[in-house]
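Hi there,

Here is the structure I promised to pass on to you. My notes on what turned up in it follow below.

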Amino acid sequence: MFNSLRTSITGTAVLAIFIVSTCVLYFSILAYKSLYADSAIKHLDALSENLASDLIPNLVDESDLFAVSSQLLRLEQYTEIKFAGVYDKEYQLLQPYFGDANKASSAGSDEPSFSLERAQQLLNFPFGTGKLGDNVYAIKQIGDKRLPLGYLIVVSDLSGPLKQSQNQLLLSIFPFALIISILVIVVLLIIQNSLLEPLLALRRFAQEVKASGDYSQSARISGKSEVSDLTVSINELMGTISDELKKNRRQTKLLEQQQMQMEHLANFDALTGLPNRQFIIETIKIELKKAKRENRNPSLLFFDLDGFKAVNDTFGHDIGDKLLIAVANDVKHYIREGDTLSRLGGDEFLVLLHGDPEPVIVSAIAQRIIAGLDKTFDIEQWKVSISASIGIAYASDANYQPLDWVSCADLAMYRSKSEGKSQFTHFNADMVSANLKRINVANAIVPALKNNEFQLHYQKKVDVNQQVMGFEALIRWQSEELGAISPAEFVPIAEQSGKIQAITQWVVQQACRDLPQLLRNYGQDIRVAINLSAIDLKDSKLSDDISRMFRIYRINPKNIEFEITESAYLTHFDTANSFFKQMRELGCKIALDDFGTGYSSLGYLTQIKIDTLKIDKKFVDEVGIYKRSSVITKTIIEMAKQLGLTLCAEGVETQQQADFLRDNGCHYMQGYLFGKPERLASLGAASKADKLEGTITDQ
Ligand code: C2E
Ligand code: CA
Ligand code: CA
């Protein structure tokens, strides 16, 4: 009830008014009582004085009791008189008088409230007037003081009339008191309101601010200094809150923007703007759940750009990035509306074909992408060509498992790559076993090195006179667990699984071990070629390891040649250049393997440090058959000569090919026509036969 300041103040004020007025009333009544008693005594004094003088004649000689009684009856008009008694000079009662007041106060009993006995006692009191209990009395001497005729006692009721008069007084002042109290309260309320109003205004202001949330407004300053100080403080507080709110809003907006950016970064590829791996995997999860419920079989296209790495290496990453953007923009037009194109990373893309697409439609889309990308992109001043290899998998292929689905499409894409690129392949379960085989092969390499399962075979390289001038070391693996595995199969797997370095170390060491015997059999000038892989070039320790091995096995580096494919060389152009520079400084030779299969640009040949070009078997196979290949081979030979490079043709199988190559100036040849790769032991024997018979080892 007293929660509000206003009611507390009002309540307190009313209580105070009540207490004060009650006290005033109480003390007024006390004063009134004493005044009333004084006046009653005076009145009784005058009355009894008069009566005493009037009684003198009645008591002079003989007491005239009748007259006395008549005199006393005059008192009847004074209703407050309780008792009057006239006594003779011997204090004997002559005549009593009992007034109505005496009876009234003893209502209910016959006994008068003021008895004769009490009156008798009064005779012992001194003359005069006084107060006795609820009564006032007067004791008067009748006649002269020295010759008294008798005595008069008059007792008057004080409490009855007092009460009556008091009640009358109260009745008459009550309305005034009430009106005054009401007036006081009203005035008080008005004052209180005018004092409280600024506070209440502040409260309304606070409620308004709360409702509107607008902290930029300020309260009007009014009221006494405490309240106006409070208002100023509140306005300052509001200002601070408003500033903080503004700061907060700016901060929140910034955070929201950052969050959006982060979400975008998390879900979209920064380069192409396509959904990224995370986004597409989430989309695939949702699509697979829906498709399973709806008994649909959506499909997934995994595509990878063929030759993208070469573009990056040849033209730089900037051009590579622009190519990716162009590819992304193009492919958007080859897919259906509603299908999702995303970039998994690098040059790998995924297309999710929603719904329940027919295999013919899926194939048509894949074909459209392949055909669409099979063109020359104009990027800055360059003309860039690539192609796409695609793998297709249906949700059912992966049993509706998201990551398995991507893997299936990836495996199918891998098959497209290994079968010649720029094509699409539908997933089949055999790919899983092929992949498993790859995994098994990768896992078997290190144990195989420990178990000496690898061997080096050597294939002759001959000059135009068919004199053996060197060998190419080619690795062979007879796995205890997996059987014979071709290097064409396990070398790429070793490269992908990071195990090629171990193999290369082994090959170099084995070649160093075998070299003395080859030198003994074929002369001190022959050269043994060791194949290096692209991954080897990343190994900064390789040149140190090779030098160490040369020292240990006392190898003359002039007897060693390294073969590296042109794509491997160019992929690691700088590291390859510095590695081969060191090897050449030692005295080793460098050959560019499989020349003509990779890069169409020949300009780089002037920038790399090599000694020999190995013309790829692909050209050799076709010389004499296709004019075009013959022309290319001639051109390669011509150009290499101009650059001062030695030429070696590989895969020579027929005499016709050998004749063509020799006639066009190719320096060396290698192929089944001159000898298959053979174990060192059989080579030793063959050399003797070569020398004895001077014949060529044929297939
Ligand atoms: P490559 O370096 O181009 O080796 C030549 C391949 O052609 C060898 O296959 C060889 O046996 C084969 N060959 C040679 N003459 C003829 C011929 O007249 N007709 C036919 N049909 N084939 C011929 P191989 O030994 O199976 O090696 C395949 C590839 O494996 C090699 O190609 C090379 O890239 C890689 N490789 C082999 N040994 C090693 C090695 O020790 N280290 C590395 N890094 N790679 C190796
Ligand atoms: Ca080779
Ligand atoms: Ca080759």
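**Ligand 1 and its surroundings**

A side-chain N or O atom of Gln-459 sits 2.9 Å from a nitrogen atom of ligand 1, a polar contact in the sense of a pair of N or O atoms within 3.5 Å (within protein, one must be able to donate a hydrogen and the other to accept it, and residues adjacent in sequence count only if both atoms are side-chain atoms). Before going on, please note that this is a predicted model, in which local features need pLDDT of at least 70 and side-chain atom pairs count only at pLDDT 80 or more, while totals for chains, interfaces and linings use all residues. Residues are numbered from 1 along each chain as its sequence is written, chains are lettered from A and ligands numbered from 1 in the order in which they are written, and side-chain values use heavy atoms, with hydrogens and water left out.

Back to ligand 1: an N or O atom in the side chain of Asp-593 is 3.0 Å from an oxygen atom of the ligand, and a polar side-chain atom of Glu-653 is 2.4 Å from a nitrogen atom of ligand 1. On its own, ligand 1 exposes 790 Å², of which the protein buries 81% (accessible areas come from the Shrake-Rupley method with a 1.4 Å probe; for residues, only the protein chains shown count as cover).

There are 20 residues around ligand 1, and those that come nearest are Gln-459, Arg-476, Asp-593, Glu-653 and Tyr-672 (near means that a heavy atom of the residue lies within 4 Å). By class, this shell has 9 nonpolar, 4 polar and 7 charged residues; Ala, Val, Leu, Ile, Met, Phe, Trp, Tyr, Cys and Pro count as nonpolar, Asp, Glu, Lys and Arg as charged, and the others, Gly among them, as polar. Strand S14 gives the most to the shell, with 4 residues. (Helices, H or I with at least four residues, and strands, E with at least two, are DSSP runs numbered from the N terminus.)

**The calcium site**

Which residues hold the calcium ion that is ligand 2? Glu-472 (OE), Asn-531 (OD1), Glu-563 (OE) and Asp-593 (OD) coordinate this ion, at 2.1 to 2.3 Å. Donors here are N, O and S atoms within 2.8 Å of the metal (3.2 Å for Na, K and Ca), and water is not among the atoms, so sites may look incomplete. The spacing of the donor residues in sequence is E-x58-N-x31-E-x29-D. Glu-472 lies in strand S14 (residues 468-479) and Glu-563 in strand S17 (residues 560-565), so the pair ties together parts that are 91 residues apart in sequence. Both Glu-472 and Glu-563 are buried (buried is under 20% relative accessible area, exposed over 50%, partly exposed in between, with a 1.4 Å probe and protein chains only).

**Salt bridges**

The structure holds 32 salt bridges, each a side-chain nitrogen of Lys or Arg within 4 Å of a carboxyl oxygen of Asp or Glu.

Asp-304 is buried, at 8% relative accessible area.

Lys-247 pairs with Glu-244, their closest N and O atoms being 3.3 Å apart. The two are 3 residues apart in helix H6 (residues 225-267), so about one helical turn separates them. Lys-247 is partly exposed at 43%, and Glu-244 is partly exposed at 41%.

**Two backbone points**

Most residues other than glycine have a negative phi. Asn-295, however, has a positive phi of about 60°; its place is the loop between helix H7 (277-293) and S6, and it is exposed, with a relative accessible area of 66%. Asn-452 has a positive phi as well, near 55°. Its loop runs between helix H12 (429-450) and strand S13 (454-463), and Asn-452 counts as exposed at 60% relative accessibility.
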